[in-house]
Amino acid sequence: MLPNDDIVKLRDRSQAAMGGGIGLLVVAGLLWSWFALLLLTPYVTDTSRGYAEQCKAPIDAPSAQLHPDRSGCAKERDWPQLLGILALSLPFATAGALTYGRGAATFRICLLLQLQSRTGE
């Protein structure tokens, strides 16, 4: 059985790990929000002729707007850029979920060890 001081230190480290996991999940959530903003909002782009072109949001744009050779809108917000934002969020989401889960499990074990040390089992 671990001494009570060691259990308290382990519990504090597990709470710090849970906080770090939440931080990583917040970063992933911000990246998802950025992706949603780029995907769902209309925008204005400058053309080579010097005038502004109104572009629909990529999610409800006509197919002519999505091809770079037909429209300047597709060059401004292309699908590889949008998917790159999602790909960038994956490591943060995975690491955040694993770190939070490890911290939460360790925290529960520490609570169990503290309960056992108080009851003398």
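Two strands are taken as paired if DSSP finds at least two bridges between them, and helices (H or I, at least four residues) and strands (E, at least two) are DSSP runs, numbered from the N terminus. In strand S2, Asp 46 has Ala 52 as its bridge partner. The structure is a predicted model, in which local features need pLDDT of at least 70 and side-chain atom pairs count only at pLDDT 80 or more, while totals for chains, interfaces and linings use all residues. Residues are numbered from 1 along each chain as its sequence is written, and side-chain values use heavy atoms, with hydrogens and water left out.

The protein contains 3 helices and 2 strands, arranged along the sequence in the pattern α-β-β-α-α. The predictor's confidence in each residue is given by pLDDT, from 0 to 100. Its mean over the protein is 85, and 89% of the residues reach 70 or more. Confidence is highest in helix H1, at a mean of 93, and lowest in helix H2 (residues 73-76), at 71. Of the 121 residues in the protein, 26% are buried; here buried means under 20% relative accessible area, exposed over 50%, and partly exposed in between (1.4 Å probe, protein chains only).

The two strands form a hairpin, with 5 residues between S1 and S2. In the turn, Gly 50 has a positive phi of about 95 degrees. S1 (residues 43-46) and S2 (residues 52-55) run antiparallel and are joined by 4 bridges. Besides the bridge between Asp 46 and Ala 52, one links Tyr 43 to Cys 55 in S2. Tyr 43 and Thr 45 make up the covered face of S1, whereas Val 44 and Asp 46 lie on its uncovered face.

A pair of aromatic rings is described by the distance of the centres and the angle of the planes. Rings of Phe, Tyr and Trp (its six-membered ring) are paired if their centres lie within 6.5 Å; planes under 30 degrees apart count as stacked, over 60 as edge-to-face and the rest as tilted. By this criterion, a search of the whole structure gives 1 aromatic pair. The ring centres of Trp 32 and Phe 35 are 6.1 Å apart and the planes are at 80 degrees, so the pair is edge-to-face. Trp 32 and Phe 35 are 3 residues apart in helix H1 (residues 4-40), a separation of about one helical turn. Phe 35 has a relative accessible area of 10% and is therefore buried.

Like charges are joined within 9 Å, and nonpolar side chains (Val, Leu, Ile, Met, Phe, Trp, Tyr) within 5 Å. Accessible areas come from the Shrake-Rupley method with a 1.4 Å probe; for residues, only the protein chains shown count as cover. A nonpolar patch of about 440 Å² is made by Ile 22, Leu 25, Val 26, Leu 30 and Tyr 100. Helix H1 supplies the largest share of this patch, 4 residues. Ile 22, located in H1, is partly exposed at 44% relative accessibility. Leu 30, also placed in H1, is exposed, with a relative accessible area of 56%.

Ser 89 is buried at 1% relative accessibility. The C-alpha atom of Ser 89 is 8.6 Å from that of Leu 30, 59 residues away along the chain, and 9.5 Å from that of Leu 24, 65 residues away. Gly 103, in H3, is buried at 1% relative accessibility. The C-alpha atoms of Gly 103 and Met 18 are 4.9 Å apart, with 85 residues of separation along the chain. Gln 114, likewise in H3, has a relative accessible area of 6% and is buried. The C-alpha atoms of Gln 114 and Val 8 are 8.4 Å apart, although these residues are 106 residues apart along the chain.

Notes
Patch = residues over 30% accessible without salt bridge, like charges linked within 9 Å, V, L, I, M, F, W, Y side chains within 5 Å. Salt bridge = Lys/Arg side-chain N within 4 Å of Asp/Glu carboxyl O.
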